[in-house]
Amino acid sequence: MTTHAPAPTTRRQAEGPGSDRSAKPQVPMHRKASGRKIRSNTVKAILVTLLLVFTLFPAYWMLSSAFDAQASSGGQSFFPKELSFTNFESVLTDGGFAVFLRNSAIVAGATVLISAAVALLASVAVARFRFKFRTAVLLMILVVQMVPLEALVIPLFVQIRDLQLLNTLLGLIIVYVALALPFGIWMLRGFVAAVPVELEEAAFLDGASWWRMFRSIMLPLVAPGLVATSVFSFITAWNEFIFAMTLLGGSTENYTVAIGLKQFFGLNSNDWGSVMAASTIITIPVMIFFILVQRRLSGGLVSGAVKG
């Protein structure tokens, strides 16, 4: 009995009846993933670019109009033909903006120092000590933050008037400190409560006084919160308009920059070149202040734990 070897199968038979030699080869999975990643990154780049343009365009328009000599007459263009400091000179000399800057610096500086010191001591009291009506005090601080500032204009005006501090920078400083304290106390309370009590006890066992413990341990650890509240207080005191206009409306020499800016707006026309130049001048101190303190915002969180 003879056996026959099986007939060789052709390539088409091996591929099966449903195969097609003209079919396109499949793309590897890693190439598909790479293509999807490229498309995703492209979409993200486009969205980020649009967001940056939307965010930075007002700042660009402010700067371009401030340096454009034709902006005062309403002829500002997207790309100024000639850069000039005429608007800045007019604002600082004719507009008296140098005096307004001095007044705002005094008010903002005093507000930051006083509110930071009082808020830090008050936050230590409510976070470390147990006393009667402690919960009620915390609730009152929280409720004050919920009240709209417009509802406080008349009561604060009456109080400042009774103190005979209308049209004075001191009266405005008192109001701004009162507005900044609830936020500062509530925020710093969380930072103080997060400091381990064992660090304070160890300092006391090593013979440190309360002031030494507060200066070397507590203060460095709560420095980020102190910086955050200081930034909030500075921006509030620097840009606030309603209370400044209400309390200083009758004293031009005590105007702050927020009130001084309105003198460039008229009934029928606006001096846009001076408005943009003044707005640029107002923005610069805020940027400088934030640059000076932003390192402490992230760098001082654990620095006190390794100091003796």
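Me: At what angle do helix 5 and helix 7 pack, and which word describes how they lie to each other?
Reply: In this predicted model, the axes of helix 5 and helix 7 are 9 Å apart and the packing angle is about 125°. An angle over 145 degrees would count as roughly antiparallel, and 65 to 115 as roughly perpendicular.

Me: Is the crossing of helix 5 and helix 7 left-handed or right-handed, and how many charged residues does the contact have?
Reply: Helix 5 and helix 7 cross in the left-handed sense. Helix 5 brings Arg134, Leu138, Ile141, Leu142, Val144 and Gln145 to the contact, and helix 7 brings Pro182, Phe183, Ile185, Trp186 and Arg189. By class, eight of these residues are nonpolar and one is polar, and the charged ones number two.

Me: How much space lies in the largest pocket, and which residues are closest to its centre?
Reply: The space in the largest pocket comes to about 270 Å³. Its lining has 14 residues, and those closest to the centre are Val144, Leu149, Ala178, Leu179 and Pro182.

Me: Which helix gives the most to the lining of the largest pocket?
Reply: The elements that each give two or more residues to this lining are helix 5 (134-146), helix 7 (169-194) and helix 10 (223-239). By class the lining has eleven nonpolar, two polar and one charged residues. The most, five residues, comes from helix 7.

Me: Which elements give two or more residues to the lining of the largest cavity?
Reply: The count comes to one cavity of 30 Å³ or more, and the largest cavity holds about 40 Å³ of space. Its lining is made of Ser115, Ala116, Ala119, Ala180, Leu181, Gly184, Thr229, Ser230 and Ser233. The elements that supply two or more of the lining residues are helix 4 (97-128), helix 7 and helix 10.

Me: How many polar residues does the lining of the largest cavity have?
Reply: Sorted by class, this lining has no charged residues and four nonpolar ones. Gly counts as polar here, and Gly184 is one of the lining residues. The number of polar residues is five.

Me: How do helix 4 and helix 10 pack, and how many nonpolar residues are in their contact?
Reply: Helix 4 and helix 10 pack at about 145°, their axes 9 Å apart, and the crossing is right-handed. The contact includes Ala105, Ala108, Ser115 and Ala116 of helix 4, with Ser230, Ser233 and Phe234 among those of helix 10.

Me: What is the angle between helix 7 and helix 10, and how is their arrangement described?
Reply: The angle between helix 7 and helix 10 is about 160°, with the axes 9 Å apart. Angles over 145 degrees count as roughly antiparallel. Helix 7 and helix 10 are therefore roughly antiparallel.

Me: How many polar residues are in the contact of helix 7 with helix 10?
Reply: Helix 7 and helix 10 make a right-handed crossing. Among the residues that meet are Ala180, Phe183 and Gly184 in helix 7 and Thr229, Phe232 and Ser233 in helix 10. The contact has eleven nonpolar residues and no charged ones, and its polar residues number four.

Terms used: Residues are numbered from 1 along each chain as its sequence is written. This is a predicted model: local features need pLDDT of at least 70, side-chain atom pairs count only at pLDDT 80 or more; totals for chains, interfaces and linings use all residues. Side-chain values use heavy atoms; hydrogens and water are left out. On a 1 Å grid over the protein atoms alone, a cavity is a set of points where a 1.4 Å probe fits but cannot get out, and a pocket is an open set with protein on both sides within 12 Å along at least five of seven lines; lining residues have an atom within 4 Å of a point. Grid points are joined across faces, edges and corners, and a volume is the space filled by probe spheres set on the points. Helices (H or I, at least four residues) and strands (E, at least two) are DSSP runs, numbered from the N terminus. Axes are lines fitted to C-alpha atoms, for helices over the stretch in contact, and angles run from 0 to 180 degrees between N-to-C directions. A crossing is left-handed if the near helix is turned anticlockwise from the far one by less than a right angle, and right-handed if clockwise. Contact means heavy atoms within 4.5 Å. Angles under 35 degrees count as roughly parallel, over 145 as roughly antiparallel, 65 to 115 as roughly perpendicular and the rest as oblique.
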